Amino acid sequence: MMRCKSFLHIVIHFLVLFEISLTESIFSVEGQVAILPCSAAASSLRPNVKTTLLRWFHNRYPKPAYTLDVRSIDQLTTDFIWSDLGARHFPSSDYEGRLYLEVSSETPALRIDPVQFDDRGQYTCQVDFKFNRSVSSSIDLHVIAPPKGVVIRDQEDRKVEGVIGPFNLGETLIITCEALGGHPIPTLSWSGTFDNSTAAYQLNTTNTTSSLIIPLLKRSDQWTHFTCTAWNSPLTLPKSTTVTIEINLPPLDVKMKKNFKEPMVAGDTVTFVCQSFGSHPRSHIRWCLDGLSVPSKDIVTDNGNKTTSYYQRLVNSRDDGKELECVVTNPNIPNFILKQTYTMIVHCKYTFN
């Protein structure tokens, strides 16, 4: 029991000799304002205490960041206030005019405006007295640097934006998102509607990258939007960029419409119609009669999804048995052909006397 009482006596004696204060943490965003209150300044309000100096120290610099000299203020005949006009202010030139001391309230506060990333660290506010020991309090200033931007690169490490491609159907898509700067290290996320995709994330010491891999591009991936977002604090707004996927799509089908009576009669003017849909870019339709190209007129509808081609001919008896072909191709997909063939049946026109 005696040992416990002795230990308690030592602790109480320690608390009397030294004022213990917990270190407060303040978070600010680069380019904004950081305000650091000096809780130690409350000791200046005690009776019969003559305050001399208030100084702010940054743990990375040996000399004070800011000094407020109140020694010239007559504290015996007036109530002491930090905003007294007789106080002298000495901000450090290392901060290039960004330091201010707010003294409008009983608790003075150091204002850093604008705060820079290098301003982070521990700040100690020390209040000195003429006849009493100094009192200090500390604040850890955490400065958040938001990412400066987000870029997306293709497989050849080229920056891409907006509509990217065109890619081919069935091709593997690999795009990589990179956050430019930021502290703490930003988190990257992808959003979009896509199937059968996997994402691989990589970190290094200077930036964050995230690769999005779609092993097999499908027709449903056409015009899909992929947004990469970088975010590193609830105090900052996320940065994002979006790309849209363009895919070369072969036409799905070709149909020849026969808007005429069969068999055809020599001397009649007949319009042949051929339609193709599902191609991107728009399909090209070519008419061939017995292997020779013939002129036609195309009309594109449904936002380029459907192409309708018209071939008009004054048929004659020599057309009987000839093959008319509607040939559909996509200019961006070599060696791809869809076609439909029609064998013409033409009868001679009979006249009756």
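Q: In the hairpin of E10 and E11, which residue takes a positive phi?

A: This is a predicted model, and what follows should be read as such. In the hairpin of E10 and E11, Asp 157 takes a positive phi near 65°. The hairpin has 5 residues between the strands.

Q: How many bridges join E10 to strand E11, and in which sense do the strands run?

A: Strand pairing is read from the bridges between two strands and from their sense. Here 2 bridges join E10 to E11 (residues 159-160), and the two run antiparallel. Within this pairing, Arg 153 stands opposite Lys 159 in E11.

Q: Over how many bridges do E10 and strand E13 pair?

A: E10 and E13 (residues 173-180) pair over 5 bridges, in the antiparallel sense. Ile 152 stands opposite Cys 177 in E13.

Q: Why is E10 said to be largely enclosed by the rest of the structure?

A: A residue counts as buried when its relative accessible area is under 20%. In strand E10 (residues 149-153), 4 of the 5 residues are buried, so the strand is largely enclosed by the rest of the structure.

Q: Which residues touch the most other members of the largest nonpolar core?

A: In soluble globular proteins, nonpolar side chains tend to be buried together. In this structure the largest nonpolar core has 32 residues, and Leu 36, Leu 54, Trp 56, Trp 82 and Leu 141 touch the most other members. Several strands each supply at least two residues of this core, among them E2 (34-37), E3 (51-58), E8 (121-129) and E9 (135-144). A second, separate core has 21 residues, including Val 150, Val 160, Leu 212 and Ala 230.

Q: With which residues is Leu 54 in contact, leaving aside its neighbours within four places in sequence?

A: A contact list shows what surrounds a residue. For Leu 54, with those neighbours left aside, the list includes Cys 38, Tyr 66, Leu 68, Trp 82, Leu 101, Cys 125 and Val 127.

Q: How many disulfides does the structure hold, and what pattern do they follow?

A: The structure holds 3 disulfides. Counting bonded cysteines along the chain, the pattern is 1-2, 3-4, 5-6.

Q: Which parts does the pair of Cys 38 and Cys 125 tie together?

A: The sulfur atoms of Cys 38 and Cys 125 are 1.8 Å apart. Cys 38 lies in the loop between E2 and E3 and Cys 125 in strand E8, so the pair ties together parts that are 87 residues apart in sequence. Cys 38 is buried, with a relative accessible area of 0%, and Cys 125 is also buried at 0%.

Q: Why is the disulfide of Cys 38 and Cys 125 called left-handed?

A: The torsion about its S-S bond is about -80°, so the disulfide is left-handed. The link of Cys 177 and Cys 228 is left-handed too, with -90°, as is that of Cys 274 and Cys 326, with -80°.

Q: Where in the chain are Cys 177 and Cys 228, and where are Cys 274 and Cys 326?

A: Cys 177 is in strand E13 and Cys 228 in strand E17 (residues 225-231), 51 residues apart. Cys 274 is in strand E21 (residues 269-277) and Cys 326 in strand E26 (residues 323-329), 52 residues apart.

Q: Is Cys 288 buried or exposed?

A: Cys 288 counts as buried, at 5% relative accessibility. Cys 288 is in no disulfide, and the nearest cysteine sulfur, that of Cys 326, is 9.5 Å away. Cys 348, by contrast, is partly exposed, with a relative accessible area of 46%.

How values were computed. Residues numbered from 1 in each chain as written. Predicted model: local features only at pLDDT ≥ 70, side-chain atom pairs only at ≥ 80, totals over all residues. Heavy atoms only, no water. Buried < 20%, exposed > 50% of the residue type's maximum accessible area, 1.4 Å probe, protein only. Pairing = 2+ DSSP bridges. Core = buried A, V, L, I, M, F, W, Y, C linked by side-chain atoms within 4.5 Å. Contact = heavy atoms within 4.5 Å. Disulfide = S-S within 2.5 Å.
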